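This report covers aromatic ring pairs and charges placed over rings. The sequence and structure come first.

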Amino acid sequence: MTEDYAVILLAAGSASRFNSDENINKVLMPLNNRPVFDYSLRLFLEDNRCKTVWLVIKDEEKQLFQTHMQSLYGECPDKVNWVTGGCERQDSVALALDKLATNESSAVLVHDAARPFVTDRLIDRLVKGLNESEAVIPVIPVTDSLKRVKENEVLNSLYRAEVRRVQTPQAFSLSVLKEAFEKAETEQFYGNEEGELVERSGHQVKTVAGEELNFKLTTQLDYHMAICLIDTGWLNKLD
C-alpha cells in the first residue's frame with residue numbers, strides 16, 4: 001500500500017468533561033500563542049504523505065477557525081477541507097468519510113485535534129503498519145489495576161497485561177473503514193472509537209506503540225499539564 005493518506009481531524013467536540021464555566025471549544029484554546037488544533041494540523045500539513053485534511057468543526061465556529069487560519073497561514077491551506085460535524089463523534093467521522101473520494105487516497109487516518117502532541121514518529125509507525133494490516137491503532141500499557149464496576153460494586157478484575165489504552169491517530173484502509181461505518185449505521189450501533197467499529201465488522205486490528213505525551217486534553221488538568229510541558233521545554237527534550 002502507498003504511504004499517502006488523507007486525515008480526518010476531529011475538532012467539533014463538546015468539551016463536556018472540561019468543567020469550564022466558559023462555553024469554549026478546547027481545541028481553540030491557546031497553547032504557547034497557538035490554538036490547540038494547530039499543533040496536530042501543522043504536523044499533517046508538513047507531511048508530504050498527507051494529501052488532504054478533512055477538518056471537522058461545528059458550523060457556528062467556522063469563522064473562529066478561519067480567523068485562526070488567516071493569522072497562522074495567511075489563508076486557509078490548500079490541503080484543508082471543511083466538514084460540519086454531527087451530533088456524536090461517529091456521526092462526524094461518517095460525514096467526513098462521505099466527502100472523501102475513494103480515489104483520493106487508499107488510506108485514512110482519524111485524529112482528535114484535542115491531542116496536540118502527536119509526533120511524526122507515531123505517524124510513521126501507523127503508516128508503515130498499513131503495509132501489514134488494514135487497520136492499525138496506537139496503544140499504551142495500563143499501569144493501574146482495572147475493575148469492571150456497576151452501581152459501585154466490583155463485577156470482576158481485568159488482567160492488566162492484556163489491557164491497553166487506545167489513542168489516535170488511528171489508521172485504516174479507506175474501504176475497510178467505510179465498510180465498518182456502513183455496518184454500524186445499518187445496525188444503529190455507536191462505538192467509542194473507529195477501531196472498535198472495524199473490529200466488530202470482522203477485520204483484524206493491529207496495534208503499534210503509542211506515546212505517553214500523546215494524551216487528550218479532556219480536563220482542565222490536562223490543559224494545564226500541556227502548558228507546563230511547553231513552558232518547561234520538555235517537548236523539545238524528546239525530539
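A residue counts as buried under 20% relative accessible area, as exposed over 50% and as partly exposed in between (1.4 Å probe, protein chains only). The model is predicted: local features need pLDDT of at least 70, side-chain atom pairs count only at pLDDT 80 or more, and totals for chains, interfaces and linings use all residues. Residues are numbered from 1 along each chain as its sequence is written, and side-chain values use heavy atoms, with hydrogens and water left out.

Rings of Phe, Tyr and Trp (its six-membered ring) pair if their centres lie within 6.5 Å; planes under 30 degrees apart are stacked, over 60 edge-to-face, and the rest tilted. Four aromatic pairs are found in a search of the whole structure. One of them is the tilted pair of Phe 37 and Phe 65, with 4.9 Å centre to centre and 50° between the planes. Phe 37 belongs to helix α1 (residues 36-46) and Phe 65 to helix α2 (residues 62-73), so this pair ties together parts 28 residues apart in sequence. Helices are DSSP runs (H or I, at least four residues), as are strands (E, at least two), numbered from the N terminus. Phe 37 is buried at a relative accessible area of 0%; Phe 65 is buried, also at 0%.

Phe 117 and Phe 215 have ring centres 5.9 Å apart and planes at 75°, so they form an edge-to-face pair. Phe 117 lies in the loop between β6 (107-112) and α4 (120-129), and Phe 215 in the loop between β12 (206-209) and α7 (220-231), 98 residues apart. Both Phe 117 and Phe 215 are buried. Ring pairs join Tyr 39 to Phe 117 and Phe 215 in a cluster.

A charge sits over a ring if NZ of Lys or CZ of Arg is within 6 Å of the ring centre and within 35 degrees of the ring normal.

| Charged residue | Ring | Distance from ring centre |
|---|---|---|
| Arg 34 | Tyr 39 | 4.0 Å |
| Arg 200 | Phe 189 | 3.9 Å |
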